[in-house]
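Here is a briefing on one protein model. Keep the structure open while reading.

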Amino acid sequence: MRTLPRSSPGARRSVGTRPRRALLATLLALLVAAAALLGSPGAAHASGAAARPGAGPGEGASLASGAPGPGAATAPAAESLVIIGASGLTFDDIDPEATPHLAAFTEDAALANLSVRSLAAATCPASGWLTLGSGARAGAVDLPDVAAEEAEPLPPPPGPAGYPVVEPDEPEPTLAPEAKTQPTNYVRVPPRPAAACPEIRTPVAADALAAAEDSSSPDPLALTEPEAPVEDAVIPEFDRIATVNAASGYTADLGALAAQVRDSGGCTQAIGRGAGYAVAGPEGTVERWGPGGTPLEGCVLTLIDVGAVGDPGWIPQETALDGASQLARIDQRIGMYLEDIDLETTDVVITGVGDTSSPSRLRALLAAGPSYEAGILTSSSTRQSGTAQLSDVASAALTRVAGQAAPPEAADAAWSVAPGEGSAAERLDTLRASAAEAATVHEHAQTFSVLLDVLHYLLFFALGGLLLVTLHERLGRAGSARVHRILGWVGLGLAVIPMGSFLAGLLPWARFGSPAAGLGLAVLAGSAALLVVAVAGPWRRTFAGRVAAVSVTTAVVLAVDIALGSALQFNALMGYNPIVAGRFYGLGNQGAALFIVAVFLGLAIISRRLLARGRRGWAIALVAVVGLASVATLGNPAWGAKFGGTIATLAGFLLLLALLLGIRLNLWRLALIGAVSLAAILGIAGLDYLRPPAARSHFGAFFGQILDGQLFTVIGRKLAANLNIMVINPALAVIVPLAVVAILFFLAYLARFAPTRRLTRPWAGRLPVVLADPTLHAGFLAVAVGLAVGGAITDSGIAVPATGAMMFLPLLLALCADTVPGRGLGRGREDGDAGQAGDAGQAGQAGQAGHAAGAGPAGAEDAGGEPAGAAGAAGVRGTSGSGSQGTSGGRA
């Protein structure tokens, strides 16, 4: 297809070079400006105050750039560190009467909700202790009981996800009820057996184990739990756990926290079984270990396991566990140790290490001592007020101790504290409400996804029914026009629901008596607000104007939100959830899909108006400016830090810009667009990597993984996540092929091509012609490319194009309502060039004829207020070959 009028070869060369040079100049300016903006540490530092809602200037900078802010120690103030773990502990468990010692500790402590995500969707206590001790996500497996008098044969080596391999000739294990539906975004985890969590084994004296291994008839009593503290202890068969984690795709260096302290000349002490797992090295060696109640020895690092709230093994109980008694016992043990700790010189971190039931929930994190003030704690790994990760503890807590550094393989994280934030009771209420939001969204996100799936299935079946030839014959042309308008309103209503789920975050729905009902009402309110925007302004007179209003509003709200700290993305049904812990800031994969649809479709509609008025330069400038702003917002390490979404958006913008410049595209030029996009983002990632480790975003972290030789490991993990999404949510994956079929047939996309045009002849004159408009078609291609690239390189895989289709297809249906189907569509000319240009002209002529026949309101206007007939006439003029409108009439 030619985008320029036929002329001599020399004329074509002289005219054709101008848009290419313009494209190169625009690309150069775009990429240089993006690199300067995104890679500048100063820019990132300056924007650090927006890292989380309510952050002060100093505190925001500490999150974005690693500089200390209020509540962040300017120099290590503590001489030692004590970490106390209670599996399953939440802020709901803390009460002045039931847990007086914990309640008193909160008065002067920095508080945060803790995401305990490890390798599986819910974290067993053993996995939680391993994650805490290594500073990276880790998993545990059952170890054989070498102290049993009649030891059973050793099981086969553990599987790659941290669970025993079931041999082909063995029966499948009995599944716990909660184990059958456990999604994970990282590794495929087999269903857990009824005894869901591995038992935490007790360290034994190394010399006793060596003697037992050398003896032909070892004494089982010599390998039982020691009654007194021991030095040079070892956990038998612990190397099995090391093997599992080496194959998990994560770089968990078991016992890295304790090893770092020992390498700096300090001593470590572990009290309780879980603490033994945290300090054990890959061979299971433990420097100092003692059972519960062992006195403190004054080491630089001490870890204490005080028990669990609930059942640490997740084994179904015939008699319900007495949670109140468990809490009282844990509180008593914590109080006993706090009496022997000087909080003037020692930091104390109390944390809920892992889950004691499924599904997972946010746990409690409390920190007090010379390095902390009373307030709300925030981690640089989450950039969300009052939220931290279990893998943060190794680096963030240890670096506040004098003479200590972060473990080399641990996650780079730093904590900051917003002092004050009301009384201790008010801070607890705030964190409890946040935890309730996370739990409600985590519980109902799948239900919301299925609801959207069902609605779009029904839409597809409705479109399929309208393709029946007999039904079309009965409806007639006037009936078809009415059906298109009905579909327009239905499409507009469906298109605003995904964005409505983000706008729900503006309302305090978690304060409702029933948080689930409050969430549902908030989503309806957010969707209604977006509809009001569509029908309240001067653009309300046409569906094109309404679609433009919805698209622009969606894109602007998403961009502003991530620039201000991603408050709407956090704890959103289509955003990210701290329990899942896949992402905490920036634009999530589903949010990126909506942004791609909204920004490209909105630009296409606005550019069509500018082209119709002869302002082609304005249209190109608009795309270039919005492209720069969008890429800068999504890719800025201090804001969006969206690696895959930034590449997808940049590729879509380059494609749209090339089409508006009149450049014909082929496979080589598409490949070049992809290569330029990837090179630009890798350059930005390299600049981000040069910043301090605690200040790096996903860009810098990924670049560091490339330098460390982990590229293929990361790619393999993301591919596994992509496949896993299709397995755990096949209903979402089906949306993509259904949307493709709807576009090919109902939107008559097949009629654009001579070889497939005959397939649409049975519906000639009754199918929409919206994609015959070359500018809208350019926007359509930009959306398609953006969603395809996003689906290929993000860890959400098929979820990206599926989510985008949930907004894209309904908006296209709404656009169709402005246009009465053309008579000859589907019977187009055989000549390719004439047919393609003729379709655009027929679209304009059909628009004039349709409005004159009463198919739409008299004097209806397009998105920018341009009369529909004038816009159609502009399409006809564009095909005539004028230099300024050549791309408008030619087929993109």
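**Q260 and its surroundings**

Beyond the four places on either side in sequence, Q260 touches L398, Q404, A405, A406, P407 and P408. The model is predicted. Its chain has a mean pLDDT of 74.

*Q260*
- Q260 belongs to helix α8, which spans residues 256-263.
- Is Q260 buried or exposed? Its relative accessibility is 15%, so Q260 counts as buried; the cut-off for buried is under 20%.
- One of its contacts is Q404. Along the chain, Q260 and Q404 are 144 residues apart, yet 7.7 Å separates their C-alpha atoms.

*Confidence*
- A pLDDT of 70 or more is reached by 68% of the residues in the chain.
- Residues 37-74 stay under 50 in pLDDT. The model still gives this stretch 83 contacts beyond four places in sequence.
- Residues 217-222 also have a pLDDT below 50. This stretch has four contacts in the model beyond near neighbours in sequence.

*Aromatic rings*
- How many aromatic pairs does a search of the whole structure find? The search finds nine.
- One of them joins Y749 and F753. The ring centres are 5.5 Å apart and the planes meet at 75 degrees, so this pair is edge-to-face; the cut-off for that class is over 60 degrees.
- Y749 is buried, at 12% relative accessible area. F753 is partly exposed, at 32%.
- F780 and F808 make a stacked pair, because their planes lie at 25 degrees, with ring centres 5.7 Å apart. Stacked requires planes under 30 degrees apart.
- Which helices hold F780 and F808? F780 is in helix α25 (residues 774-793), and F808 is in helix α26 (residues 799-816). The pair therefore ties together parts that are 28 residues apart in sequence.
- F780 is buried, with 8% relative accessible area. F808 is buried as well, with 6%.
- Y749, F753, F780 and F808 belong to one aromatic cluster.

*Charges over rings*
- R383 places its charged end over the ring of Y585, at 4.1 Å from the ring centre.
- R546 places its charged end over the ring of F543, at 4.5 Å from the ring centre.

*Helices α15 and α26*
- Helix α15 covers residues 543-563. Its axis lies 8 Å from that of α26, and the two pack at about 155 degrees.
- How do α15 and α26 run relative to each other, roughly parallel or roughly antiparallel? They are roughly antiparallel, because the cut-off for that class is over 145 degrees.
- On the α15 side, the contact residues are F543, A544, V547, V550, S551 and T554. They meet M807, L811, A814 and L815 of α26.

*Helices α17 and α18*
- Helix α17 (residues 616-635) packs with helix α18 (residues 643-660) at about 175 degrees, with the axes 9 Å apart.
- That angle makes α17 roughly antiparallel to α18.
- The α17 residues in contact include R616, A619, I620, V623, A624 and V626. Also among them are G627, S630, V631, L634 and G635.
- Their partners in α18 are G645, T646, T649, L650, F653, L656, L657 and L660.

Conventions: Residues numbered from 1 in each chain as written. Predicted model: local features only at pLDDT ≥ 70, side-chain atom pairs only at ≥ 80, totals over all residues. Heavy atoms only, no water. Helix = DSSP H or I, 4+ residues; strand = E, 2+ residues; numbered from the N terminus. Buried < 20%, exposed > 50% of the residue type's maximum accessible area, 1.4 Å probe, protein only. Contact = heavy atoms within 4.5 Å. pLDDT = per-residue confidence, 0-100. Phe/Tyr/Trp six-rings, centres within 6.5 Å; stacked < 30°, edge-to-face > 60°. Lys NZ or Arg CZ within 6 Å of the ring centre and 35° of its normal. Axes fitted to C-alpha atoms, helices over the stretch in contact; angles between N-to-C directions. Parallel < 35°, antiparallel > 145°, perpendicular 65-115°, else oblique.
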